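I opened this notebook to look up confidence, charged pairs and aromatic pairs. The entries follow in the order I took them.

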Amino acid sequence: MAFLAKGRIFAATVVAVLGLATGAQAGASCGKTGAGFDAWKPEFAAEAKAEGVGARGLSALAGATYATRTISVDRGIHKAFSGSVDAFMKRRGGSAIISKGRVLKKSNAALFDQIERNYGVSPGVLLAIWGMETGFGSSMGNQNTVSAILTLAYDCRRPEFFHPHAIAALKLVDRGALSASSVGAAHGEIGHTQFLPGNVLKYGVGGGNLRDKATALASTANFLKAHGWRAGASAQSNIGAIAGWNDASVYQQAIVRIATEIDAD
């Protein structure tokens with residue numbers, strides 16, 4: 001799940017739901033530049049160990065570096081969701097997503113049928129999210145995942161939101177679902193549909209390898225179902241579940257439009 005607007009989704013509530021940490025628990029000092037990052041890592045390591053992170057995760061933390069590119073992307077996040085839905089869809093290639101989504105719906109019919117049977121989520125919304133997030137897996141990011149998410153947990157802008165996701169990323173390293181060298185999007189999102197690490201732990205299915213297409217799509221359906229998706233209802237009627245994925249109105253409306261067009265084919 002590409003981060004984009006998701007950092008604004010009731011951070012304290014998300015943390016509580018994840019059951020990983022609270023803002024009050026995130027005791028390590030934050031910073032506004034990379035100058036204090038190396039000094040912060042041992043503080044965070046103590047908290048991570050207390051929260052159950054093991055040797056592999058702690059080793060990944062020790063090797064993490066301050067992600068300047070992540071901070072640059074984060075500071076421009078609101079601009080990405082400015083303007084009208086039409087303008088947003090044009091910027092994000094909405095018509096191309098619809099066109100390719102229709103083709104992929106047919107060529108992966110058995111997969112989407114199975115997912116819909118298991119989770120009640122129609123193909124259109126999954127294809128819309130998949131296309132919007134990574135161009136159907138063609139662009140899953142090249143930023144080091146552990147460094148990105150730890151940088152955001154250290155950064156003073158929203159440490160309470162990213163703290164549990166940073167802990168989750170280290171736990172995923174412990175489990176082997178991530179490694180210290182894994183790459184993804186700028187905010188630490190993982191795989192075909194761009195899950196934040198905490199959501200991989202909570203909603204990821206199978207082995208949690210979100211770089212596997214089938215696993216990522218099933219995990220996305222599981223997320224939507226958990227956020228209130230109603231089987232058989234339209235994407236528009238399920239916009240509340242889509243809002244759980246991303247709280248930007250233009251994003252939600254674009255997903256509804258794309259999903260509706262794909263499912264109508």
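Predicted model: local features only at pLDDT ≥ 70, side-chain atom pairs only at ≥ 80, totals over all residues.

**Confidence**

I checked pLDDT before any side chain. The mean for the protein chain is 90, and 90% of its residues reach 70 or more. Where does pLDDT stay under 50? I found that stretch over residues 2-26. For these residues the model has 74 contacts beyond four places in sequence.

**Salt bridges**

How many salt bridges does the rule give? I count nine.

I started with arginine 75. Its partner is aspartate 74, and the closest N and O atoms are 2.8 Å apart. Is aspartate 74 buried or exposed? Its relative accessible area is 1%, under the 20% limit, so aspartate 74 is buried. Arginine 75 has 40% and is therefore partly exposed.

Aspartate 74 has a salt bridge with arginine 157 as well, at 2.9 Å from N to O. I then placed both residues. Aspartate 74 sits in helix α4, and arginine 157 in the loop between α9 and α10 (159-175). The two are 83 residues apart in sequence, so the pair ties those parts together. Arginine 157 is partly exposed, at 35% relative accessibility.

Next I took arginine 257 and aspartate 86. Their side chains meet in a salt bridge of 2.5 Å, N to O. Which parts of the chain does this pair link? Arginine 257 belongs to helix α14 (residues 249-264) and aspartate 86 to helix α5 (residues 85-91), 171 residues apart. I looked up accessibility for both. Arginine 257 is partly exposed at 37%, while aspartate 86 is exposed at 51%.

I then followed shared partners. Salt bridges join Asp74, Arg75, Asp155, Arg157 and Arg158 into one network.

**Aromatic pairs**

I searched the whole structure for aromatic pairs and got 14. I looked at tryptophan 40 and phenylalanine 44. Why does this pair count as stacked? The ring centres are 4.8 Å apart and the planes stand at 25 degrees, under the 30 degrees limit, so the pair is stacked. Both residues lie in helix α2 (residues 37-50), four residues apart, about one turn of the helix. Tryptophan 40 and phenylalanine 44 are both buried.

I turned to tyrosine 66 and tyrosine 154. This pair is edge-to-face, with 6.0 Å from centre to centre and 90 degrees between the planes. Tyrosine 66 is in the loop between α3 (55-62) and α4 (68-75), and tyrosine 154 is in helix α9 (residues 145-154). They are 88 residues apart in sequence, so the pair ties those parts together. Tyrosine 66 is partly exposed, at 21% relative accessibility. Tyrosine 154 is buried, at 3%.

Which residues form one aromatic cluster? I list Phe37, Trp40, Phe44, Tyr66 and Tyr154.

Notes:
Residues numbered from 1 in each chain as written. Heavy atoms only, no water. Phe/Tyr/Trp six-rings, centres within 6.5 Å; stacked < 30°, edge-to-face > 60°. Buried < 20%, exposed > 50% of the residue type's maximum accessible area, 1.4 Å probe, protein only. pLDDT = per-residue confidence, 0-100. Contact = heavy atoms within 4.5 Å. Salt bridge = Lys/Arg side-chain N within 4 Å of Asp/Glu carboxyl O.
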